[in-house]
Amino acid sequence: MARRLPPLNSLRAFEAAARLGLIKLGAEELSVTHGAISRQVQQLEAWLGVPLFDGSKHAPRLTETGRQLLPALTAAFDQMETAISQIADSAEGALDVSCPGTFTMRWLIPRLHHFQAAHPGINVRLNSSGTSSDPIGNNVDVAIRVGKAPWPIGVQVIELFNEKFGPVHAPSVVLAGASLLHTVSRRSAWADWAQRAGVETGEQGSAEFEHFYFMLEAATAGLGVAIAPWPLVADDVASGRLIAPQGFIESGLSYVTLRRKKQNRKADIFCAWLKSAAEAYAAGDRA
């Protein structure tokens with residue numbers, strides 16, 4: 001016989017908002033908007049035919065029905081989470097890894113075949129989701145980030161290697177009067193490098209690109225000079241597609257792995273491999 005239950009999303013929305021005391025907090029936990037939570041709660045109230053909250057929207061209070069429903073839902077979701085965690089906590093299955101796009105293409109993917117050969121049962125799914133303040137969302141097991149402390153609370157931080165950066169350009173580029181290339185995600189790169197290197201960049205033309213990868217391709221095509229981290233251009237410099245006449249210096253930033261502190265054997269295995277790959281890279285650093 002089919003179960004007579006309201007939509008699961010409505011139950012999740014109500015449980016989160018009621019448990020945390022505010023619809024806003026429920027929305028943050030579920031990574032949706034305030035309006036989405038409100039609509040789901042209203043949908044659940046319509047399905048049940050009774051109100052679950054009363055009072056103002058800024059200070060909602062549970063009705064008697066809401067107070068009766070909340071502990072049962074919390075217990076049910078806790079039980080489901082435990083069951084799912086027991087299945088997910090294995091040495092096989094999918095592992096969702098968030099990583100900046102250019103680093104994924106130029107550093108992680110070229111090494112990933114070594115991990116897949118050693119652990120064919122783990123399906124690494126790469127994405128670029130997450131933000132600097134919340135790098136590990138609901139659909140991310142491990143995040144690779146570049147930055148500096150303090151890191152978000154509630155996560156385990158695994159240091160990989162320090163970043164070095166410097167100017168790069170195509171061999172055909174004449175530095176005198178060459179445009180300075182910038183990227184939206186790191187607009188201060190030229191100023192940061194100039195300050196650390198103790199040089200003046202002077203008055204030169206400039207161009208800005210939405211993605212870091214676009215900027216590097218522009219530098220390779222001879223459109224100007226870019227400030228780039230060594231891990232992202234090492235192969236291009238080695239092949240002669242780019243040159244780095246002033247070398248690379250420490251940027252003050254670090255590449256790190258961030259992961260949830262809860263048990264996850266797939267994440268344990270991947271993070272251990274990633275740490276080993278980072279150590280091998282740092283040992284062979286020619287920047």
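Select Asp141, Arg259, Arg260, Lys262, Asn264 and Ala267: together these residues line the largest cavity of this predicted model. The space inside this cavity comes to about 40 Å³. In the structure there is one cavity of 30 Å³ or more. Colouring the selection by residue class shows four charged residues in the lining, along with one polar and one nonpolar residue.

Next, select the loop between strand S5 (142-147) and strand S6 (155-168), where Pro150 is located. Display the backbone from Ala149 to Pro150: the peptide bond joining them is cis. Its omega is near 5°.

Then move to helix H1 (residues 8-20) and helix H2 (residues 23-30), and display their axes. How far apart are the axes, and at what angle do the helices pack? The axes lie 7 Å apart, and the packing angle is about 125°. H1 is therefore oblique to H2. The crossing of the two helices is right-handed.

To view the contact itself, show the side chains on both helices. From H1, select Arg12, Ala13, Ala16, Ala17, Arg19 and Leu20. From H2, the partners to select are Ile23, Leu25, Gly26, Glu29 and Leu30. Which classes of residue make up this contact of H1 with H2? Coloured by class, the contact has seven nonpolar residues, three charged residues and one polar residue.

Methods. Residues numbered from 1 in each chain as written. Predicted model: local features only at pLDDT ≥ 70, side-chain atom pairs only at ≥ 80, totals over all residues. Heavy atoms only, no water. 1 Å grid on protein atoms, 1.4 Å probe; cavity = no way out; pocket = protein on both sides within 12 Å on 5 of 7 lines; lining within 4 Å. Points joined across faces, edges and corners; volume = space filled by probe spheres on them. Nonpolar A, V, L, I, M, F, W, Y, C, P; charged D, E, K, R; others polar. Axes fitted to C-alpha atoms, helices over the stretch in contact; angles between N-to-C directions. Helix = DSSP H or I, 4+ residues; strand = E, 2+ residues; numbered from the N terminus. Parallel < 35°, antiparallel > 145°, perpendicular 65-115°, else oblique. Left-handed = near helix turned anticlockwise from the far one by under 90°. Contact = heavy atoms within 4.5 Å.
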